[in-house]
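I am opening my notebook on a new structure. I will write down what I look up, one entry at a time.

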Amino acid sequence: MAGTLVGTYPSERVGRAGTLGVLSENGRRLLTGAGLLALPGGQPAYLPPAGMTAVRLSSDGRYLGLTKEGSSTGYVVDLDASAPTPVPTVTATATGPSVVDLLATALVRPDEQAYAGVRDARPDGTSTAFASSVRRWVALTDRATLTVRDLEGGAVVATAELAQGAGRTGILAVSADGSTVLTGDDEGRVTAFDGNLTGQRVIAQLPKQIREIRLTPDGALAVVLDLLGNVTTLSPRDGLPTVLPGTVGRLDAQGIAEVPVLVPSPDERMLVLGRPSGVEVWSLTENRKLADVAVEPPELSTGADPVLAFSTDGRRFAVRSVSAVHLVDTETLAEVDARAVPTDSSAIAALFTELLGPGVALDRSDRNHIDGRWRSPTGRIEVAGGTVTDLVTGERTPLTGGSGRGSESFWSFADDDTVLVESVVPDRDSDVYQNRLQVWHRGSGALIATMIEPQSVSWPGFQDGGIVVAGGTAITVRPDGGIGRWPVAPSAWAARLCALAGEPSAEEREARMRFLSPEPLCP
């Protein structure tokens with residue numbers, strides 16, 4: 001489509017080369033290095049009084065922020081008034097935000113305060129952001145030092161240094177309520193702090209340099225964009241795993257976590273852990289252990305033969321030990337039958353079917369793969385080598401985005417095989433020695449979300465892992481031996497994304513959100 005020329009103006013009106021400044025949303029005014037221009041003709045729209053300089057324009061183009069030479073006072077002028085007159089509005093202090101920063105917050109419209117206030121990058125590399133609801137100002141200087149100040153008096157509330165080893169950090173975001181501060185660096189890491197700059201942790205690793213971060217007003221959801229165009233949702237505050245109580249500390253002599261078989265019941269209300277030491281039954285609805293089942297420990301040293309499975313009605317489950325397959329009633333949690341393990345391994349699956357009935361809910365964690373190929377419980381979808389294959393249609397979809405493979409990956413499947421959840425174990429060459437979860441959309445191969453385990457592994461390259469998805473929760477083995485529960489509900493993320501950014505345009509869907517269905521995202 002050809003463009004239409006609506007006006008030109010001499011280059012000297014723009015000021016120094018490459019500086020176009022701020023364009024108002026309605027296209028009426030343009031603030032440049034040389035002053036305020038009226039569009040489309042480019043004529044001067046307002047001439048500040050002598051000694052004053054225009055530095056900020058509100059997004060609707062109505063209000064202009066001015067500084068005065070040698071003064072710590074900032075002025076605002078209503079450009080739509082019959083006689084525009086600068087009115088003193090803000091005053092800077094020696095220890096607080098600059099006059100320009102204060103004017104930026106003064107010109108924020110109420111509907112813009114739903115985001116992180118006004119963000120700014122100064123020529124000296126300092127990035128600033130404003131928590132508009134609590135009147136706080138956050139600055140990132142030297143790409144390494146964070147400072148939170150009170151916006152009114154300028155007092156320092158908190159300071160923090162980014163951990164060594166982080167890449168050059170230039171992206172800063174703060175929630176409007178001041179509860180959450182995020183930074184993004186040129187190596188794709190997103191680091192989170194609370195409002196007092198404590199609890200520093202890397203919460204995501206994207207493939208390329210972070211370009212933009214946007215936060216909901218309460219800091220509960222972030223949307224992150226990297227240089228490749230990957231859009232990832234994060235839960236900086238409540239996205240951390242909860243841990244099943246009493247599961248921490250199951251480590252071997254080398255400090256490596258014991259990895260049980262993880263099998264949820266068909267109704268996803270119960271979880272059975274098959275450990276080398278025995279069998280545990282947990283309530284996922286109440287987040288507590290129900291019982292240690294009095295059967296022999298499961299046989300975990302064999303390959304793909306069934307080890308643990310539920311009946312389709314969830315009333316029984318079977319566990320294979322070295323000598324027998326034990327049948328357990330889920331109401332009484334007592335053994336009701338036991339059969340000797342067949343000498344022919346090919347008959348083991350048939351014995352499980354005999355005890356539990358057809359269509360048994362087999363283990364969905366680390367027993368559903370052979371030679372690096374992971375299959376969904378339905379048997380239709382296979383993941384291998386970064387590619388998803390539909391075994392019915394033969395369609396192959398490459399997975400795009402993500403921060404690469406580690407020493408090993410463990411896969412599980414959700415939402416009728418439309419969502420894939422990958423648990424990546426780091427190797428010795430990893431930038432972050434923490435397990436991470438990556439959530440993918442099967443149809444497009446797009447990365448939906450990424451989450452990082454807060455605790456580092458003890459032995460990169462040797463830490464085993466396991467994962468299974470039950471409803472909107474991913475259950476994983478943590479480096480400390482604990483069993484973690486993660487929120488992995490894309491439908492819930494979509495609802496919160498609507499609250500943050502509204503319905504995406506057709507162009508945004510095509511460029512950034514191909515993994516979403518074509519129906520309207522927002523109600």
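Leaving aside neighbours within four places in sequence, which residues is Leu-420 in contact with? I note at the start that the model is predicted. My list for Leu-420 reads Val-383, Val-388, Leu-399, Trp-411, Ser-412, Phe-413, Gln-438, Val-439, Trp-440 and Arg-442.

**Entry: the core around Leu-420**

I looked up the largest nonpolar core next, and it has 25 residues. Leu-420 is among those with the most contacts inside this core. The others named with Leu-420 are Trp-411, Val-421, Leu-437, Val-439, Ala-474 and Val-488. Two of these, Trp-411 and Val-439, I had already written down as contacts of Leu-420.

Which elements give two or more residues to this core? I found strand S33 (381-384), strand S36 (408-414) and strand S37 (419-425). I also found strand S38 (434-441), strand S39 (447-456) and strand S40 (467-470).

**Entry: aromatic pairs**

How many aromatic pairs does a search of the whole structure find? I got two.

I took Phe-310 and Phe-317 to begin with. Their ring centres are 5.5 Å apart.

Is Phe-310 buried or exposed? Phe-310 is buried, because its relative accessible area is 0% and the cut-off for buried is under 20%. Phe-317 is buried too, also with a relative accessible area of 0%.

Then I turned to Trp-374 and Phe-410. Their ring centres lie 5.9 Å apart. The planes are at 75°, so I write this pair down as edge-to-face.

Where do the two residues sit in the chain? Trp-374 is in strand S32 (residues 373-375), and Phe-410 is in strand S36. They are 36 residues apart, and the pair links distant parts of the chain. Trp-374 is buried, with a relative accessible area of 4%. Phe-410 is buried as well, at 3% relative accessibility.

**Entry: the whole chain**

Last, I stepped back. I counted four helices and 42 strands in the protein chain. The chain has 523 residues, and 50% of them count as buried. Its accessible surface comes to about 23,500 Å², and 51% of that belongs to carbon and sulfur atoms.

Note on methods
Residues numbered from 1 in each chain as written. Predicted model: local features only at pLDDT ≥ 70, side-chain atom pairs only at ≥ 80, totals over all residues. Heavy atoms only, no water. Buried < 20%, exposed > 50% of the residue type's maximum accessible area, 1.4 Å probe, protein only. Areas by Shrake-Rupley, 256 points an atom, 1.4 Å probe, with all protein chains shown as cover. Core = buried A, V, L, I, M, F, W, Y, C linked by side-chain atoms within 4.5 Å. Contact = heavy atoms within 4.5 Å. Phe/Tyr/Trp six-rings, centres within 6.5 Å; stacked < 30°, edge-to-face > 60°.
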